Amino acid sequence: QNVKEVYITTVYKNRIKGWNMHTKNTTSIFLINGRINLFYFDKRKKKKTIDDKFSNVIIIPPKVKFAFKGLAKESCILSMSNGIYNINELKKFEFN
């Protein structure tokens, strides 16, 4: 993946970050420390959703909604994208 944006975020125990969806960018998630549950929703047809061929990196393709929940007191996540941040490309969702 050609990385053009990198950021680090922290999620605390029992807190959820997300739901997000990139319309064009591919996101790679790397857990630096702690533990998380990764959730995703993919309504695309006949597409491979999550690429986990590298045990420590999860690759999330465009148009897949995702979120993560902290399982440790504090979990640190490195997120890499193949596109530069664009507020119109990133969609945020609320699930009840």
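Modeller: Buried means under 20% relative accessible area, exposed over 50%, and partly exposed in between, with a 1.4 Å probe and protein chains only. This is a predicted model, in which local features need pLDDT of at least 70 and side-chain atom pairs count only at pLDDT 80 or more, while totals for chains, interfaces and linings use all residues. Residues are numbered from 1 along each chain as its sequence is written, and side-chain values use heavy atoms, with hydrogens and water left out.

Colleague: Where does Asn-14 lie, and what is its phi?

Modeller: Most residues other than glycine have a negative phi, and most peptide bonds are trans. Asn-14, in the loop between E1 and E2, has a positive phi near 65°. Lys-63, in the loop between strand E5 (57–60) and E6, also has a positive phi, of about 70°. Lys-63 is partly exposed, at 49% relative accessible area. As for the peptide bonds, the one from Gly-18 to Trp-19 is cis, with omega near 0°, and Trp-19 belongs to strand E2.

Colleague: How many helices and strands does the chain have?

Modeller: Helices (H or I, at least four residues) and strands (E, at least two) are DSSP runs, numbered from the N terminus. Here there are zero helices and eight strands. Contact means heavy atoms within 4.5 Å. Of the contacts between residues at least 6 apart in sequence, 85% join residues at least 24 apart.

Colleague: Which residues make up the largest nonpolar core?

Modeller: A nonpolar core is a set of buried Ala, Val, Leu, Ile, Met, Phe, Trp, Tyr and Cys residues joined through side-chain atoms within 4.5 Å. The largest one has eight residues: Val-11, Ile-29, Ile-36, Ile-60, Val-64, Phe-66, Phe-68 and Ile-77. Buried residues account for 38% of the 96 residues in the chain.

Colleague: Is Val-11 buried or exposed, and what does it touch?

Modeller: Val-11, in strand E1, counts as buried because its relative accessibility is 1%. Beyond its neighbours within four places in sequence, its contacts include Ile-36, Phe-68 and Ile-77. The C-alpha atoms of Val-11 and Gly-70 are 5.4 Å apart, although 59 residues separate the two along the chain. Phe-66, for its part, touches Trp-19, Ile-29 and Ile-60, among others, when residues up to four places away are not counted.

Colleague: What lines the largest pocket?

Modeller: The largest pocket, with about 260 Å³ of space, has 17 lining residues, and Tyr-7, Gly-18, Asn-20, Leu-90 and Lys-92 lie nearest its centre. Strand E2 (16–22) gives the largest share of that lining, five residues.

Key. On a 1 Å grid over the protein atoms alone, a cavity is a set of points where a 1.4 Å probe fits but cannot get out, and a pocket is an open set with protein on both sides within 12 Å along at least five of seven lines; lining residues have an atom within 4 Å of a point. Grid points are joined across faces, edges and corners, and a volume is the space filled by probe spheres set on the points.
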